Amino acid sequence: MAISRTPDSTALRHRKNIVGYTKKASVSGFNWLAPQFSTVGATTVDLKDITLTGDGVGNGGESLAILDEGGAPVGDPYVFWSKDVTGEENDCWFDFNEWAPITGVSFALGDGVMISAGDGINYTVAGEVPKVNVEFVTIDGFNFTGNPFPSDIDLQNIVLSGDGVGNGGESLAVLDEGGAPIGDPYVFWSKDVTGEENDCWFDFNEWVPITGVTIGGGDGVLLSAAAGVTVTIKVPYTM
């Protein structure tokens with residue numbers, strides 16, 4: 001079963017790095033995104049590397065909130081605006097309070113953002129193709145993350161480790177563009193039906209290891225776990 005939503009993307013070699021972009025069309029309302037490129041020469045994602053285009057974009061109707069591990073907005077949202085305070089064209093994210101272009105805001109690969117926009121607005125993420133696995137440690141409860149690579153990943157590319165992991169206490173739901181779960185959640189289990197060690201995601205209903213589930217580049221997932229679980233999202237390609 002494939003639940004990936006393949007974006008419009010391209011990549012090219014730039015010296016020793018591979019750079020590119022991915023473009024997706026928004027749904028009306030909230031849009032969940034796990035940005036798939038790091039800023040060139042860095043291991044983080046800069047807010048300026050996410051841009052919006054489309055009819056009517058830049059009049060204050062689009063906003064972006066960076067989310068913490070539990071999915072709550074970090075600080076005030078940023079507004080996409082087409083003119084700066086001098087009246088010059090300057091399509092970029094603005095500070096909602098000071099009404100000045102945002103600089104110096106970045107976040108880690110695997111972190112999530114929530115874009116509020118109308119239907120059919122294009123949001124583009126550009127930068128350097130990540131070369132290594134993305135890893136983070138959970139907080140207790142819900143953890144919002146996603147596929148931080150510009151390529152589909154198999155569900156089993158998301159691996160959990162830590163004390164007590166694999167006894168049915170961890171679950172994962174793949175999210176649609178608006179942040180709603182697609183189907184039933186999957187459960188991380190340490191043994192298969194034969195009793196053999198098999199740390200992987202299981203079908204909650206049939207209790208068999210999941211195969212054939214892919215997560216599109218930038219698509220989000222909602223992970224439920226105790227605090228202190230190490231999450232590793234394996235890079236899906238070789239470079």
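1. A polar contact is taken here as a pair of N or O atoms within 3.5 Å; within protein, one must be able to donate a hydrogen and the other to accept it, and residues adjacent in sequence count only if both atoms are side-chain atoms. The model is predicted, so local features need pLDDT of at least 70 and side-chain atom pairs count only at pLDDT 80 or more, whereas totals for chains, interfaces and linings use all residues. Residues are numbered from 1 along each chain as its sequence is written, and side-chain values use heavy atoms, with hydrogens and water left out.

2. Asn 31 belongs to strand β3, residues 29-33; strands (E, at least two residues) are DSSP runs, numbered from the N terminus. A polar atom of the Asn 31 side chain lies 2.7 Å from the backbone nitrogen of Val 27, and a polar atom of that side chain lies 3.1 Å from the backbone oxygen of Gly 29. Asn 31 counts as buried because its relative accessibility is 0% (buried means under 20% relative accessible area, exposed over 50%, partly exposed in between, with a 1.4 Å probe and protein chains only). Beyond its neighbours within four places in sequence, Asn 31 is in contact (heavy atoms within 4.5 Å) with residues including Ser 26, Met 114, Tyr 123 and Glu 177.

3. The disulfide count is zero, a disulfide being a pair of cysteine sulfur atoms within 2.5 Å. Cys 92 is buried at 16% relative accessible area, and Cys 200 is buried at 6%.

4. An open antiparallel sheet has three strands in the order β12-β21-β15; two strands pair if DSSP finds at least two bridges between them. Strands β12 (134-137) and β15 (158-161) stand at the edges with a single partner strand each, so one side of each lacks a neighbour in the sheet. The twist averages 20° from one strand to the next. Strand β15 is joined to the antiparallel β21 (residues 230-233) by four bridges, with Val 159 partnered by Thr 232.

5. Strand β5 (residues 50-53) has Ile 50 and Leu 52 on its covered face and Thr 51 and Thr 53 on the uncovered one. Four bridges join β5 to the antiparallel strand β11, residues 122-128, where Thr 124 stands opposite Thr 51.

6. Leaving aside residues up to four places away in sequence, Leu 172 touches, among others, Leu 155, Tyr 186, Trp 201 and Leu 222.

Note on methods
Axes are lines fitted to C-alpha atoms, for helices over the stretch in contact, and angles run from 0 to 180 degrees between N-to-C directions.
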